Every structure is written in structure tokens, then in C-alpha cells.
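Please read these points with the model open beside you. They go element by element, and each can be checked on screen.

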Amino acid sequence: MQVYILAFVIALFTSWLLTPYVKKLAFRIGALDKPDGRKVHKGIMPRLGGLAIYLGFVVAVLCSMHLSKDVMALLLGGTVILIVGIIDDVYQLPAKVKLLGQIAAAAVLVLFDIRIEWLNNPWGGYFYLEYLSIPFTIFWVISFTNVVNLMDGLDGLAAGVAGIASITVILVAIQQGFYPVAVITAALAGGIVGFMRYNFNPATIFMGDTGSMFIGYMLAAISIFGAVKSAATIALIVPAIALGLPIMDTAFAIVRRYTNGRPIFQPDKGHLHHRLLAMGMTQRQAVLLMYIISAILGIAAVLLTEVGGYYAVIIIALIITAVVFGAKKIGILNDR
């Protein structure tokens, strides 16, 4: 059995077996999500599910990988962001405090020299970041951490989109021969898939910030790890394209709130999943549609690895144009 398949299976079964126990723990410590005017669910829900994903991931990595300095950095950074998520799920941390926790988790990677130091020029050569390397790395990690967090609005949505993105990264990593990246990402994907047994509509537990921030953080960390080990910027581009849906949704939310004079970090009901529900879709229909869009973006990400600089730019431009056109059609930029 290939090691990445083993990692996926171990993480899947560990997450699947532990989620019911995590659910009991969530009720015991008060990690509960209460309904309000912005949220879709009607009753009180446990929201510590990300802990099961984390445990599945860690067990799979420990069973299938050599604990190198880089792997230890990813595990340590993931643990830091997990602790921040657990505290937030129980006590609802202020946004600034949560941001400080995300910066601390990102700093772990920097301390272990897992950082973005250069980028490929599509027309040849490299862009060396030099003194911008550390802030760019931290910005990259925080951005991924929060886009997955903001996507977590419907049963199974964030988990499914992140799972599709993870599978995309696995396929490209195998195709390019980045096997350590494939194994680590397979462990993450397995943890997500095992948890989705309880998270798909009708969900019995949410992943909470514990899960959404951990998944976003790990996808960012894995992409940087892949770029460092493979000396190829494609390791950064693939997960960014695969997560194009939550990234663009977050970008539209920032533009929408700014143009309407509202605080950028103030939650609203203008996200894509809110718009799809307002159009008459059920939760399942909206989630499945967003899965399909994410899968298409994943396919586009895989295609990017097979084309040259000019074609890559064209594919990315077409994706952005299509997303912007669709966003305008459903009024995602409007303050409604």
C-alpha cells in the first residue's frame, strides 16, 4: 500500500471513531454554537469537531512519516492554532486576540525556516522576497486560516471544500513527485472525510474554529513546505486555486463591507451560501453546488501544472473573470 493511502485511511478511521467522543466533550466544556439571526441552524450544536480532525491527522502522520524537523514544525504550528481554536470555541475570543494567536502559529513555521523566500516569474527567473519573506509568509498563513473559517456557514460546506482542495494537492504532489507533501495532505484529507460522516447535512456536530482554522492553517503550511522542498511556486498556486471559492468569497465580503461603510470584520449574510439559500436552494443543494464549483477549480489547478507561463496566466484570468461574473449575477457584492 502506498504510504499516502495508508495515511489517509488511518486519519479517516481515527477521526470517524473519535468524533462522537469529541461531541460529548464539547457539551461538557461548553463549546456550543447557539443560533442567531445570521446563522442557518436552529438549535444548539457542539462545535469542537476540529479536534477529531486534528487527532486523526496527528495519528496518521506519526504512523506514516519520519519525524523530521519540518514535520515537527507543521505538527507544532498545527497544535498552536488548534489551541487557539478550542479556546475560541469555548469562550469566543475577540478578533484581535484570535489574530494574535494566528500570528503566533504562523511564526512557528518561520522559526523552523519554513517560509516563502522567492516566487517563480512565469516568463523566466525568480522574484526574491528577501526582507519581505517573513511578513509574506505570515500573511499567507493567516489568509488561508481565515478563508476556510469564513466559509464554515452550512453543514459540511467548509469540510467538503477543504477536502476537495486537499485531494487536489495530493494529486498534484503525486504527479510532481512531492511525496512528503502527498502523505501529509492525505493525513489531513482523511481526517476531514472521517469527520464529514457527522458534519454533512443534517449535521450533528460542527468543526468550529478549532477545525476551520486548523484546516486552513495546515493547507497554508503544507503549501509553503511543498514550495520549500520542491523549489517550485506551483506548490503555492495549486492550493490557492483549489480554495478559490472561499478566497474569492472572502475578497467579495471585504469589498462589499468596505464600499458600504461597514466594518470589514463585521459578519453579514452576504456570503455566497447565504445568497444561494435566498435564491430558494436547500442547504444540501447549495453545498453540493459549491462542491462542484470547488471540484472544477481543483481540475483547473491540476491543469496549471501541465502548461507554461502564458497559458497559466490565461487560465487564472479566465477563472477570476468567471467568478466575478457569477458573483455579480447573484448580487454577492450588494449590501442586502
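This is a predicted model: local features need pLDDT of at least 70, side-chain atom pairs count only at pLDDT 80 or more; totals for chains, interfaces and linings use all residues.

The points below cover salt bridges, ring pairs, backbone features and one surface patch.

1. **Salt bridges, starting with Asp88.** The count comes to four salt bridges. One of them joins Asp88 and Lys98, with the closest N and O atoms 3.4 Å apart. Asp88 lies in helix H3 (residues 69-91) and Lys98 in helix H4, so this pair ties together parts that are ten residues apart in sequence. Both Asp88 and Lys98 are buried.

2. **Lys98 and its other partner.** Lys98 also meets Asp209 in a salt bridge, at 2.9 Å from N to O. Asp209 belongs to helix H8 and Lys98 to helix H4, so the contact ties together parts that are 111 residues apart in sequence. Why does Lys98 count as buried? Its relative accessibility is 16%, and the cut-off for buried is under 20%. Asp209 counts as buried too, at 13% relative accessibility.

3. **Helix H4.** H4 covers residues 95-111, which makes 17 residues. At 1.5 Å a residue, the helix should span 24 Å. Which residues of H4 are buried? They are Lys98, Gly101, Gln102, Ala105, Ala106, Val108, Leu109 and Val110. An α-helix has 3.6 residues a turn, so residues three or four places apart point the same way. Check the buried list on screen with that in mind.

4. **Asp113, after H4.** H4 is followed by Asp113, with a positive phi near 65°. Asp113 has this positive phi although it is not a glycine. Where does Asp113 lie? It is in the loop between H4 and strand S3 (118-120). At 46% relative accessibility, Asp113 counts as partly exposed. Its side chain meets that of Arg115 in a salt bridge, 3.2 Å from N to O.

5. **Glu130.** Here is another backbone angle to check. Phi of Glu130 is near 50°, a positive value in a residue other than glycine. Glu130 is found in the loop between strand S4 (126-128) and helix H5 (133-151). Is Glu130 buried or exposed? It counts as exposed, because its relative accessibility is 60% and the cut-off for exposed is over 50%.

6. **Aromatic pairs, starting with Tyr54.** A search of the whole structure finds six aromatic pairs. Tyr54 and Phe214 form one that is edge-to-face, with 5.4 Å centre to centre and 80° between the planes. Tyr54 lies in helix H2 (residues 50-64) and Phe214 in helix H8 (residues 208-230), so the pair ties together parts that are 160 residues apart in sequence. Tyr54 and Phe214 are both buried. Ring pairs also bring in Phe57, giving a cluster of Tyr54, Phe57 and Phe214.

7. **Phe200 and Tyr291.** The ring centres of Phe200 and Tyr291 are 6.4 Å apart, and their planes stand at 35°, so the pair is tilted. Phe200 lies in the loop between helix H7 (179-199) and H8, while Tyr291 lies in helix H12 (residues 283-304), so the pair ties together parts that are 91 residues apart in sequence. Phe200 is partly exposed, with a relative accessible area of 24%. Tyr291 counts as buried at 13% relative accessibility. Phe200 and Leu154 are 46 residues apart in sequence and 8.8 Å apart in space, C-alpha to C-alpha.

8. **The cis peptide, and a charge over a ring.** A cis peptide bond joins Asn201 and Pro202, with omega about 0°. Pro202 is found in the loop between H7 and H8. As a separate contact, the charged end of Arg197 sits over the ring of Tyr198, 4.9 Å from its centre.

9. **A nonpolar surface patch.** Which residues make the nonpolar surface patch of about 430 Å²? They are Ile5, Val9, Phe13, Trp16 and Leu17. Phe13 lies in helix H1 (residues 3-29). Phe13 is partly exposed, with a relative accessible area of 43%.

Notes
Residues are numbered from 1 along each chain as its sequence is written. Side-chain values use heavy atoms; hydrogens and water are left out. Patches are made of residues with over 30% relative accessible area and no salt bridge: like charges are joined within 9 Å, nonpolar side chains (Val, Leu, Ile, Met, Phe, Trp, Tyr) within 5 Å. Accessible areas come from the Shrake-Rupley method with a 1.4 Å probe; for residues, only the protein chains shown count as cover. Helices (H or I, at least four residues) and strands (E, at least two) are DSSP runs, numbered from the N terminus. Buried means under 20% relative accessible area, exposed over 50%, partly exposed in between (1.4 Å probe, protein chains only). Rings of Phe, Tyr and Trp (its six-membered ring) pair if their centres lie within 6.5 Å; planes under 30 degrees apart count as stacked, over 60 as edge-to-face and the rest as tilted. A charge sits over a ring if NZ of Lys or CZ of Arg is within 6 Å of the ring centre and within 35 degrees of the ring normal. The expected span of a helix is 1.5 Å times one less than its number of residues.
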